[in-house]
Amino acid sequence: MRYRTLGAGTLRVGAVGLGCMPMSWGYSASQRDGESSLRALNAALDEGCSLLDTADIYGPFTNERLLARLLKERRDEVFLATKCGLLVGEQHLVANGSPAYVRRACDASLRRLGTDVIDLYQLHRADPEVPVEETWGAMAELVRAGKVRALGWCALDPHDRRRGRGAGGEHGRTLELLSRAQQVFPVSAVQAEFSVWSAEARAELLPWCEARGVGLLAAMPLGSGFLTGTLVPGGGFEPDDLRARHPRFTAEMMAANQPVVAGLRRVAARHPGATPAQIALAWLLAQGRQVIPLPGAKRASWVRENAAAAELTLTEWDLAEIAALPAARDSWR
Ligand SMILES: NC(=O)c1ccc[n+]([C@@H]2O[C@H](COP(=O)([O-])OP(=O)(O)OC[C@H]3O[C@@H](n4cnc5c(N)ncnc54)[C@H](OP(=O)(O)O)[C@@H]3O)[C@@H](O)[C@H]2O)c1
């Protein structure tokens with residue numbers, strides 16, 4: 001596995017990470033199984049995918065407990081990234097950025113994970129009720145206390161993206177918050193949706209990250225599975241799968257978005273043995289040295305397939321063909 005750095009070059013991680021969310025959250029519970037998830041986690045480390053991304057809310061809490069089983073045996077091989085600041089409310093997910101909550105959440109994550117330090121502690125959502133300086137200041141205290149090594153920011157709040165539209169693009173509001181946070185304590189990584197069909201982060205966040213040596217962690221790099229070409233339009237999702245209500249995953253929109261998969265298949269056909277998933281990940285890796293894709297997977301075979309994307313080199317022709325593919329269509333637009 002090739003390596004990439006974040007935190008102004010001070011932290012080294014495998015170029016492809018692993019998103020642990022599907023093992024406990026977001027996708028249908030009927031397909032989850034702790035033992036095969038554990039095999040997937042071990043496969044990730046065997047392949048050199050050291051950055052494992054979790055969050056207290058995944059489960060909630062069960063994903064961190066699952067990772068504890070791996071950490072017990074292989075803590076030294078893991079670059080452990082977890083998150084705080086997003087909670088399950090009565091009707092919606094809610095942000096909490098109060099310093100007292102951040103301190104409590106970190107101690108609770110450390111207990112669940114069974115470790116004494118988190119390598120990257122990420123703010124899952126900025127709380128609009130709390131000045132970012134206060135939240136980020138509390139997170140910086142955790143670094144000074146030795147509970148956390150570095151801090152990361154998640155830029156996936158749909159409200160921020162809507163508020164940010166304008167001069168700074170969809171991430172205009174995020175850039176403003178990031179700059180304020182950076183005045184308080186260095187940001188080591190930014191996590192944002194970034195993939196072939198949703199690539200706003202390339203123009204809007206990547207230059208900011210590159211100028212500061214900040215890692216850009218690409219969340220949903222496989223388009224929640226769509227870009228792998230394994231999802232059948234109209235195939236349906238179980239009711240507890242977030243895609244069952246997602247505007248990109250209606251049968252109509254999945255059919256409308258097929259040209260993106262077809263394009264990835266065309267490029268894959270020029271690389272013997274390559275899959276659309278690998279092409280989607282190799283494209284991300286080609287966007288800049290700060291980009292670290294976090295494909296989510298809960299089975300070892302897909303973890304290995306995704307890790308192997310780091311060995312693929314796309315040609316200028318491939319990159320141009322992918323760049324010309326349409327952006328995701330959804331039933332909101
Ligand atoms: N900060 C945030 O707010 C935020 C939000 C969303 C995501 N994230 C992070 O980003 C990570 C990735 O996002 P994601 O998991 O939602 O989406 P994703 O990585 O785009 O796609 C995951 C889906 O693709 C499937 N898959 C993975 N590899 C495959 C392969 N080689 N062939 C066929 N199917 C494959 C997985 O199936 P199986 O599950 O069956 O293996 C899963 O259903 C998350 O795990 C999480 O760590 C963060």
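Ser188 sits in the loop that runs between helix 6 (172–184) and strand 10 (189–193) of this predicted model. With a relative accessibility of 8%, Ser188 falls under the 20% limit and therefore counts as buried. The ligand is surrounded by 33 residues, and the protein covers 95% of the 910 Å² of accessible area that the ligand has on its own.

**Ser188 and Gly7**

- Beyond its neighbours within four places in sequence, Ser188 is in contact with Leu6, Gly7, Leu11, Leu120, Ala150, Leu151, Val214 and Gly215.
- Gly7, one of these partners, is found in the loop between strand 1 and strand 2.
- The relative accessible area of Gly7 is 9%, so Gly7 is buried.
- The contacts of Gly7, leaving aside residues within four places in sequence, are with Ser188 and Gly213.
- Gly7 and Gly215 are 208 residues apart along the chain, yet their C-alpha atoms are separated by 6.8 Å.

**Ligand site**

- Among the 33 residues that surround the ligand, the closest are Tyr27, Asp53, Leu222, Gly296 and Lys298.
- The shell around the ligand consists of 16 nonpolar, 10 polar and seven charged residues.
- Helix 12 (residues 300–307) supplies the largest share of this shell, with three residues.
- In the side chain of Gln191, an N or O atom is 3.1 Å from a nitrogen atom of the ligand.
- Glu305 has a polar side-chain atom that lies 3.1 Å from a nitrogen atom of the ligand.
- For Trp302, the distance from a polar side-chain atom to a nitrogen atom of the ligand is 3.5 Å.

**Ser37 in helix 1**

- Ser37 has its place in helix 1 (residues 34–46).
- Ser37 counts as buried because its relative accessibility is 1%, under the cut-off of 20%.
- Apart from neighbours within four places in sequence, Ser37 is in contact with Met23, Leu66 and Lys298.
- Lys298 is also listed with the closest residues around the ligand.

**Helix 3**

- Helix 3 (residues 99–113) contains 15 residues, and the distance from its first C-alpha to its last is 21 Å, close to the 21 Å expected at 1.5 Å a residue.
- The buried residues of helix 3 are Tyr101, Val102, Ala105, Cys106, Ala108, Ser109, Leu110, Arg112 and Leu113.
- An α-helix has 3.6 residues a turn, so residues three or four places apart point the same way.
- In helix 3, Tyr101, Ala105 and Ser109 are among the buried residues, as are Val102 and Cys106.
- Three helices or strands at a time, the packing partners of these buried residues include helix 2 (62–74), strand 5 (79–84) and strand 6 (86–88), and also strand 8 (118–123), helix 4 (132–144) and strand 9 (148–154).

**Val132 in helix 4**

- Val132 is found in helix 4, one of the elements against which the buried residues of helix 3 pack.
- The relative accessible area of Val132 is 5%, so Val132 is buried.
- Val132 touches Gly137, Trp153, Leu177, Arg180 and Ala181, not counting residues up to four places away in sequence.
- Val132 and Leu38 are 94 residues apart along the chain, and 36 Å separates their C-alpha atoms.

**Backbone features in loops**

- Most residues other than glycine have a negative phi, and most peptide bonds are trans.
- Ala8 has a positive phi of about 55 degrees although it is not a glycine.
- The loop between strand 1 (3–6) and strand 2 (11–14) holds Ala8, as well as Gly7.
- Ala8 is exposed because its relative accessible area is 59%, over the cut-off of 50%.
- Met220, a residue other than glycine, also has a positive phi, near 50 degrees.
- Met220 lies in the loop between strand 11 (215–219) and helix 9 (251–256), and its relative accessibility of 31% makes Met220 partly exposed.
- Gly59 and Pro60 are joined by a cis peptide bond, with omega about -5 degrees.
- Pro60 belongs to the loop between strand 4 (51–53) and helix 2.

Methods:
Residues are numbered from 1 along each chain as its sequence is written. This is a predicted model: local features need pLDDT of at least 70, side-chain atom pairs count only at pLDDT 80 or more; totals for chains, interfaces and linings use all residues. Side-chain values use heavy atoms; hydrogens and water are left out. Helices (H or I, at least four residues) and strands (E, at least two) are DSSP runs, numbered from the N terminus. Buried means under 20% relative accessible area, exposed over 50%, partly exposed in between (1.4 Å probe, protein chains only). Contact means heavy atoms within 4.5 Å. The expected span of a helix is 1.5 Å times one less than its number of residues. A residue is near a molecule or strand if one of its heavy atoms lies within 4 Å of it. A polar contact is a pair of N or O atoms within 3.5 Å; within protein, one must be able to donate a hydrogen and the other to accept it, and residues adjacent in sequence count only if both atoms are side-chain atoms. Accessible areas come from the Shrake-Rupley method with a 1.4 Å probe; for residues, only the protein chains shown count as cover. Ala, Val, Leu, Ile, Met, Phe, Trp, Tyr, Cys and Pro count as nonpolar, Asp, Glu, Lys and Arg as charged, and the others, Gly among them, as polar.
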